[in-house]
Amino acid sequence: MLKKPLIAATAALTLSAGASVAEDIEIVFVGKNTGNPYFDSLTQGFVDACEVIACNFEFVAPATAEATSQIPFLEAQIQRGVDVIAISPNSPDALNQVFQSASDAGIIVLTVNGDITGNEQYRDATILPTDFTKVGADQIEMVGSLIGYEGEIAILSATTEAPDQNFWIEGMNETIANDPKYANMTLVATVYGDDQPEKSTTEMEALLSNFPNLKGVIAPTTVGIAAAAQVVQSRGIADQVKVTGLGLPSEMREFIKDGTVEGFQLWSPYNEGWLASHFAVGLKNGTMTNEVGATFEVPNLGTITINEGNSINTQSALTTFNADNIDDFDF
Amino acid sequence: MTFLRSIFARREAGILVMIVIFCLAVGLHKPQFLTGQSLRIILLLTPLIMIGAMAQMLVLVARHVDLSIGSMLGFSAMVVGLMYRELPDIYWLVGFPVAVLTGAALGLGNGLLVTIFKLPSIIVTLGTLSLYRGLTFIISDARQINRSVIPTELKAMSRTSPIFEIPWIILIAFGIALMTYVVARHTQLGRQIYALGSNPDAAPLRGIDVTKVTLIVFVLAGALSGLAGILYASRWGFVNPSNTGAGFEFQVIAAVVIGGVSINGGVGTVMGTVLGVLLLGCVAAALPLLGIPGSTQNAIYGAVILIALLIDRSVRQRGLASMSRA
Amino acid sequence: MSVTTDSQSQELAPSRPSWHVVLVRPETMTFLLLVFGLIGASLLSPFFLDVNYILRSFTLTAEMSIVALVLTLVVISGEIDLSAASNMALSACIFAWVQAAGAPLPIAVVVGLLAGLAMGTLNAFMSIRMQLPSIIVTIGTLIFFRGLAQVIAGDRSIRVPESFIGINTVMVAGVPLPVVIFVVVAIILGLVLGTTVIGRQIYQIGTNQEAALHAGIDAKRIKVGLFLLLGIVSAAAGIMAASRLGSVRYDLVLGGELQMVLMAMLGGTYIFGGRGTILGTFLAAWLLVIVSTGMTVANLLPAIQLTVLGILLIVAIIATNFIYARTQR
Amino acid sequence: MTTGQPMLIEARGISKQFGGVEVLSYVDLDLHAGEIHALLGENGAGKSTFAKILAGVHRPTRGHLKLNGQPVDVTSPIAAQRLGIALIHQEPVSFPDLSIAENIIMGRQGGGLLSRVPWIKITTDARRYLDMLGVSLDVTRTMRGLSIANQQMVEIARSLASDSKLIIMDEPTAPLTPREVETLFDIARRLREEGRTIIFISHRLEEVRMLCDRVTIFRDGAHISTQTIDSISDDEIIRLMIGRPLKKFMRKHVATIGDIALEVSNLTLPGAFEDVSFTLRRGEIIGLGGLVGAGRTDVARALFGVAPAASGQITVGGTRASIQKPTDAIDLGLAFVPEDRAGHGIFATLSVEHNLTAAIPDNIAPGWFINRKLERSISRRSVEDLSIRLASLRQPIVELSGGNQQKAILARWLLTEPDILILDEPTRGIDIGVKAEFYDMIGDLAEAGRAILLISSELPELLSLCDRILVMSEGRVTAEIPRAEASQENIIQAAVPRSGMAA
């Protein structure tokens with residue numbers, strides 16, 4: 001009973017839909033951990049959506065982001081009998097059992113902002129901020145434009161096993177190897193700062209020491225890019241080494257303003273929450289399905305299509321932040 | 001009988017030798033490790049641990065231990081961060097007294113539990129480790145204090161310098177080490193802390209107010225943790241309820257134990273502790289340079305603590321053996 | 001030599017009334033807290049009071065609770081071990097790593113258990129043979145074991161085979177297997193502690209090690225035995241957790257040492273040794289599950305749980321010290 | 001030393017009770033300025049208690065002190081220090097990790113906690129005080145590792161630093177070599193010349209005679225006599241120390257003495273005892289007399305395997321035995337009731353029952369589990385046999401009186417059916433009534449064919465109970481006295497160390 005037939009699931013959903021029309025749909029979002037600023041914005045998307053459509057929203061998260069720390073929270077939500085669990089999973093596999101219990105209890109499971117790669121059968125759909133297959137190429141283009149498409153670059157990632165980052169890094173490697181536009185750029189190292197400021201800093205310092213000719217660093221993680229920027233700022237070498245990657249505008253504003261970082265990218269976490277709530281309510285009410293190829297309308301976001309692997313993207317390409325637009329974003 | 005003294009003297013020399021050998025060995029593979037730049041990296045890694053180590057050293061010398069140092073750091077940093085967020089117009093330097101006083105108050109809590117209820121400090125601080133962390137979440141509503149909230153002047157302290165291009169934060173750390181040295185070595189208080197740890201039963205016979213000195217030690221540990229807290233905000237530019245200071249106590253204990261501070265109280269020097277901190281800093285800076293994954297760091301810390309314990313014991317045993325006849 | 005009569009055998013020190021003996025003990029406090037916890041949690045959330053849910057929640061901490069039972073013996077004997085949670089993680093990582101490297105499951109389990117035993121041996125060597133305070137030693141091994149787990153597993157989670165997954169879904173008479181194991185271990189250890197010579201000697205060592213030595217009790221051997229037992233039980237618990245989770249990461253039960261110590265203390269085990277019962281720890285394990293589950297299902301901030309844990313630990317020690325001081329004139 | 005000199009200390013009616021037992025009663029004593037005054041007495045006569053009252057370690061239950069004619073209240077060691085009274089313990093109290101200089105000065109500086117430590121002054125002062133004593137030590141090194149003699153010198157320097165008028169030395173010579181003793185005496189005389197008063201507590205009459213001006217003899221907590229040393233003979237001193245005519249608790253029956261149960265030859269543990277040999281037969285009670293610290297307890301601990309001897313032979317029941325740990329001894333039929341009841345005997349918070357059966361685990365647990373009924377009946381029988389007074393077998397043993405605790409420990413060992421019983425000060429700290437019961441029991445045990453080694457500091461006890469008495473002094477057996485010849489005098493003679501022998 002590991003693989004749940006999709007049809008049966010949808011049937012069950014439609015069945016229960018009739019009963020729950022009268023009441024607001026209970027949505028819970030389980031974050032990776034509390035105190036993670038990224039989720040403040042994402043959560044706001046949920047909150048705002050539930051102001052306008054018929055849902056009740058709650059946010060819970062464990063204190064720390066261990067693989068197993070979300071389990072008691074998931075168990076509790078099952079016990080509370082919520083309708084939809086949205087979750088940013090801390091582990092691609094440790095949560096399988098409890099997802100199974102949730103599905104057995106008729107709860108819709110959506111992964112948001114990260115997926116359980118390899119265990120997709122345990123969730124109904126995943127909502128990802130953008131098309132992850134394009135992130136690698138976008139980031140290479142970003143760093144290329146900053147360094148004039150020439151010179152050594154390095155990657156400062158999160159943990160060695162972080163699935164999303166590894167997927168993007170794969171894309172970066174492919175792009176640099178295959179696209180003649182980047183022929184003069186060499187990727188000299190990929191290092192991991194474990195999403196800790198201390199480790200990210202020492203790794204960044206080591207990069208600069210080991211590769212004196214380094215021209216650019218891509219840090220596709222919010223902790224990493226801030227640490228990298230700080231090192232560059234502290235050494236005063238912003239004109240020699242260009243830092244870019246994925247970062248939160250609120251954390252990077254200072255570095256944009258003082259010229260340490262010229263540009264970086266991200267998507268809108270807010271829209272993930274906004275879309276997830278609309279999709280969850282639609283799914284529960286039977287007005288939307290999780291079938292591949294289905295489309296639906298979400299206010300402000302336009303037409304959304306369900307892609308391969310029941311995945312949904314909130315935006316097609318990354319947003320680039322720079323000195324011109326940084327003040328327009330407050331997350 | 002200068003044999004024993006020479007061991008203790010050698011203890012510091014020993015760490016120094018270890019640092020030199022380590023640096024040379026790394027430098028052999030990676031010559032860039034032996035540059036001024038890498039000294040800057042090492043020094044920038046150590047200020048917080050240095051201050052925490054001074055706190056822990058005083059506590060250990062008094063024959064106690066404080067496991068809540070990291071949580072006190074986190075809480076104090078959070079209080080300061082919240083202050084900056086809620087009162088954006090406040091003069092940024094106000095953060096320092098606020099952080100130090102907050103930490104001191106938490107340390108006082110530890111001290112009172114230890115002295116009033118006569119509880120073992122290790123269990124008390126294991127409890128407050130969790131308690132203070134929990135309170136940090138509660139006061140912050142589990143939200144991070146973001147970069148934008150921390151005053152620019154404060155953040156600048158981690159890279160701007162008043163002298164010799166040494167950033168403020170490093171100067172402060174070494175200043176604290178110097179002050180700790182003065183207190184430990186040249187004030188009545190310091191000597192009483194050593195006396196207390198050296199022989200707690202004899203302390204009252206020599207007119208030492210054990211309760212008072214114990215309280216002061218824990219308050220100092222708290223205050224220094226608070227200072228480390230605001231410097232955390234300066235160094236990393238944010239305060240996070242769950243990460244800030246987490247695991248800090250273990251790094252600090254590792255540094256202090258390597259530095260030759262005895263868990264049996266009474267023994268430990270500021271010099272040894274500083275060297276212990278620097279050794280850890282060298283290791284932390286060398287690992288990525290050598291391409292060794294950071295995940296080995298904790299195993300190394302743990303092994304180093306165990307080895308230091310064994311060394312500490314053998315030094316003590318030789319001390320006992322030499323006591324039988326002089 | 002005269003035969004003692006009842007009139008003679010009175011009150012050099014009058015005995016406490018029997019209700020006092022039975023009721024004024026730390027376990028009573030634990031039991032009352034348990035009852036209050038149940039009532040409080042039920043009031044906090046209407047979803048709480050459901051036996052199956054509570055049992056299911058208990059499986060999440062069952063492994064730690066099992067280790068806490070053995071830890072209770074260690075604390076009664078006058079030592080402590082803060083490294084048990086790290087031991088669980090390292091043993092589980094070694095187990096998962098060995099089987100992922102292609103070894104048959106039973107071999108992997110044995111290797112995992114042996115690893116746990118080796119860790120227990122290290123603790124015993126440092127604390128008993130080298131006579132270093134176990135509390136500091138095990139802080140060192142706490143970092144060391146967790147660090148080794150990190151070296152072995154890095155940041156990835158190691159899968160265990162499908163056939164090995166799901167110990168928590170095995171039901172014995174409607175009760176999840178981990179809970180059953182916990183209860184069985186509690187009964188066994190309770191019997192050992194309460195009715196065997198070894199159990200008696202554990203109390204005697206913890207009360208006065210010198211007197212035990214003078215009475216011909218081999219304190220060192222028993223303490224070493226306890227550290228080894230704790231090592232191997234921690235490993236078994238780690239492997240159980242691997243089966244429940246289906247995968248292992250180095251951060252398994254990170255910080256669990258606090259909870260284990262808390263269970264022992266909350267159950268009335270005296271931090272300085274010599275007193276405590278398995279019943280107390282047994283009740284405390286349930287108390288903790290009820291408190292934390294109650295708060296989680298009420299969607300309270302997890303931070304409150306940390307705070308409550310810390311306060312409980314401190315209050316538990318103060319209360320046990322107080323009760324023991326009162327009952328010992 | 002004429003009476004015309006001013007009185008430094010006038011003690012009047014000093015009494016002290018510990019837990020209802022009066023250890024010092026109505027002691028009057030005057031101390032002149034500039035004299036060396038010996039305090040003599042048997043173990044437990046109250047000399048040390050009196051000294052500790054002067055030094056503020058204990059508060060007197062009754063009585064008052066005058067210092068230089070002014071009434072004073074010595075509330076604490078610190079107060080004593082301020083008044084110029086210093087107590088030098090046999091094993092000096094020190095801070096091993098601090099420097100010698102600091103150990104000399106610690107607690108003497110004024111000023112607040114944050115005031116500066118004047119290192120230069122401290123070291124020069126410390127050096128000066130040590131120079132005054134003619135001792136050359138590097139004052140900046142730590143105390144750890146210093147010999148006992150040098151630690152004493154540091155303590156004496158401490159008393160100089162506080163300009164003490166009264167320096168109390170509690171058995172200072174016991175751990176010293178003859179040469180060190182010489183040095184100490186020179187210093188003491190020099191201090192006397194400076195007008196300081198020294199109280200010298202010692203068992204060595206020769207030393208007292210060499211050094212002291214006057215002697216005061218204590219007995220049973222009372223002041224017996226104070227005289228100038230020249231006006232009293234050694235024999236007179238010993239007579240006064242023993243005092244009362246011997247009150248015999250006669251053994252009712254003398255057992256028939258049987259085979260050799262225990263033979264000890266050349267037993268040695270460096271630092272504790274040397275070359276100890278004796279034989280002990282079934283039904284025999286051997287007394288082991290001597291002063292505290294003579295090595296008697298160490299011999300007992302070695303025989304029982306608690307702290308095994310380094311060399312020598314132990315033969316039990318005719319076969320050579322290797323006793324490395326207590327279980328070895330127990331298996332050989334030995335039992336040991338230790339001196340330190342609270343530290344080494346009882347499990348304070350555990351029930352009487354669990355205390356009783358601690359040494360016979362196999363008897364109470366014939367199978368896997370403890371048979372509670374069996375345990376209860378065994379315990380109950382013990383309690384009845386030894387008339388242990390208690391409210392319930394389940395009550396913590398610490399609630400029992402000292403005598404009954406001691407009975408319980410004896411009962412614990414009788415349950416092992418031992419052939420050889422070693423009793424170390426079994427009647428210490430118990431009231432008279434229970435003591436008599438103990439004597440009866442010990443006699444009965446011998447009669448039942450058990451061999452008994454009785455360590456005691458109470459001479460009447462040894463004289464009335466034992467068939468033979470071995471006397472130890474400074475780690476060696478100095479006399480073996482058969483019952484018929486034994487007297488308090490010859491025991492004390494053998495127990496009191498002679499300086500000549502100390503080498």
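## A hairpin in chain D

Strand 9 (residues 214-219) of chain D and strand 10 (residues 222-228) of chain D form a hairpin with two residues between them. In the turn, Asp220(D) has a positive phi of about 50 degrees. Helices (H or I, at least four residues) and strands (E, at least two) are DSSP runs, numbered from the N terminus. This is a predicted model, in which local features need pLDDT of at least 70 and side-chain atom pairs count only at pLDDT 80 or more, while totals for chains, interfaces and linings use all residues. Residues are numbered from 1 along each chain as its sequence is written, and chains are lettered from A and ligands numbered from 1 in the order in which they are written.

## A loop residue in chain D

Asp138(D) is found in the loop between helix 4 (119-132) and helix 5 (148-161) of chain D. Asp138(D) is partly exposed, with 14 other C-beta atoms within 10 Å. Its C-alpha atom and that of Ala302(D), 164 residues apart along the chain, are separated by 38 Å.

## Helices of chain C

Helix 10 (residues 219-245) of chain C has 27 residues and reaches 38 Å from its first C-alpha to its last, close to the 39 Å expected at 1.5 Å a residue. The expected span is 1.5 Å times one less than the number of residues. Of the 27 residues, 21 are buried, so helix 10 of chain C is largely enclosed by the rest of the structure. Just after this helix, Gly246(C) takes a positive phi of about 80 degrees.

## How the chains meet

Contacts between chains B and C are the most among the five pairs of chains that touch. Two residues are in contact if their C-beta atoms, placed from the backbone, lie within 7 Å. Here 35 residues of chain B are in contact with 35 residues of chain C. Helix 6 (121-140), helix 11 (248-258) and helix 13 (297-323) of chain B each supply at least two residues of chain B's side, and the largest share, 13 residues, comes from helix 6 of chain B. By class, this side has 25 nonpolar, eight polar and two charged residues. Ala, Val, Leu, Ile, Met, Phe, Trp, Tyr, Cys and Pro count as nonpolar, Asp, Glu, Lys and Arg as charged, and the others, Gly among them, as polar.

Chain A touches chain B through 25 residues, in contact with 24 residues of chain B. Helix 7 of chain A gives the largest share of chain A's side, eight residues. That side divides into five nonpolar, 12 polar and eight charged residues. No contact joins chain A and chain D, whose closest C-alpha atoms lie 36 Å apart.

Note on methods
Buried ≥ 20, exposed ≤ 12 C-beta atoms within 10 Å, placed from the backbone. Pairing = 2+ DSSP bridges.
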